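User: I'm new to this one. Could you walk me through it, starting with the rings?

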Amino acid sequence: MSNVVGLRIVTPASVSQGFAVVKELGADHPDLAAAKITLSLQPLFKRSVTFVTRNDTDLAEQVAIGGHLHEFGDITWLPHQGKVFYRKDDRVDVSTPGDRLNNYLFLRSYAKLGVMAARLADEWLEEKDSDMARCLMAWLPARKVKQEAFGFTNDDGVSFTGYPVVGFQHRIQAADACIGSNGPAADDGLLSASCSWDRRIRGQFFYNSGFGVALSKAPT
């Protein structure tokens with residue numbers, strides 16, 4: 001463990017100040033001692049992940065308590081389907097069996113022609129301006145992530161056979177499978193592997209329409 005000898009803080013500010021102010025607290029700054037902050041490295045640990053799908057009838061109640069139930073918990077709401085993905089994700093002892101991997105589905109590399117075909121489908125839906133068609137298309141990725149656990153794999157790094165998914169923190173937290181498409185795969189013109197957002201190909205649209213709900217509005 002090492003004591004903090006300096007701190008840089010970004011705080012809200014007025015419009016005239018550009019909405020933010022950066023404050024630097026040096027070793028001799030009186031406010032640094034008041035902060036009483038120390039940093040330390042944690043020993044490597046494992047996590048156990050399970051996704052549970054439920055209807056959204058009690059979503060408000062679950063939001064209010066969800067943050068207290070699991071250390072790395074998460075909630076994904078699909079309002080058009082009336083469904084919620086609850087991620088039960090907690091720290092477990094390193095002796096717990098498992099060396100699984102977060103190979104997130106939407107951060108994987110895919111064949112160039114498949115990525116371009118998905119882009120054409122997006123453009124066709126945009127041209128038709130059909131809300132119903134878009135809603136129907138939204139069912140496909142939701143079904144896929146449920147079947148394949150968002151891309152979490154077993155110890156082989158490829159397949160998924162069931163929960164819980166147990167692995168070391170660095171393999172569960174991060175996903176980087178698509179990085180490979182910028183390496184050797186680039187030699188074949190990205191035909192065999194490419195990222196969906198790669199500007200060198202006519203890839204998919206990425207947009208995220210959403211809204212925020214203040215936690216104070218949820219029942220307690």
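This is a predicted model: local features need pLDDT of at least 70, side-chain atom pairs count only at pLDDT 80 or more; totals for chains, interfaces and linings use all residues.

Analyst: Residues are numbered from 1 along each chain as its sequence is written, and side-chain values use heavy atoms, with hydrogens and water left out.

User: How are the rings of Phe45 and Phe72 arranged?

Analyst: Their centres are 6.2 Å apart and their planes are at 10°, so the pair is stacked. Stacked is the word for planes under 30 degrees apart, edge-to-face for over 60 and tilted for the rest.

User: Where in the chain are Phe45 and Phe72?

Analyst: Phe45 is in the loop between strand S4 (38-39) and S5, and Phe72 is in the loop between helix H2 (59-69) and strand S6 (74-78), 27 residues apart. Helices (H or I, at least four residues) and strands (E, at least two) are DSSP runs, numbered from the N terminus.

User: Phe45, buried or exposed?

Analyst: Phe45 is buried, with a relative accessible area of 12%. Phe72 is partly exposed at 22%. Buried means under 20% relative accessible area, exposed over 50%, and partly exposed in between (1.4 Å probe, protein chains only).

User: Which residue lies over the face of Phe45?

Analyst: Arg91 does, at 4.0 Å from the ring centre. The rule asks for NZ of Lys or CZ of Arg within 6 Å of the ring centre and within 35 degrees of the ring normal. Lys46 lies over the face of Phe168, at 4.8 Å from the ring centre.

User: Switching to Arg47. Where is it?

Analyst: Arg47 is in strand S5 (residues 46-55). Arg47 is buried, with a relative accessible area of 1%.

User: What does the side chain of Arg47 have a polar contact with?

Analyst: The side chain of Gln173, at 2.6 Å. A polar contact is a pair of N or O atoms within 3.5 Å; within protein, one must be able to donate a hydrogen and the other to accept it, and residues adjacent in sequence count only if both atoms are side-chain atoms.

User: And the sheet, what order are its strands in?

Analyst: The order is S6-S7-S5-S10, in an open sheet of 4 strands with antiparallel pairing. Two strands pair if DSSP finds at least two bridges between them. S6 and strand S10 (165-168) are the edge strands, each pairing on one side only.

Note on methods. Rings of Phe, Tyr and Trp (its six-membered ring) pair if their centres lie within 6.5 Å; planes under 30 degrees apart count as stacked, over 60 as edge-to-face and the rest as tilted.
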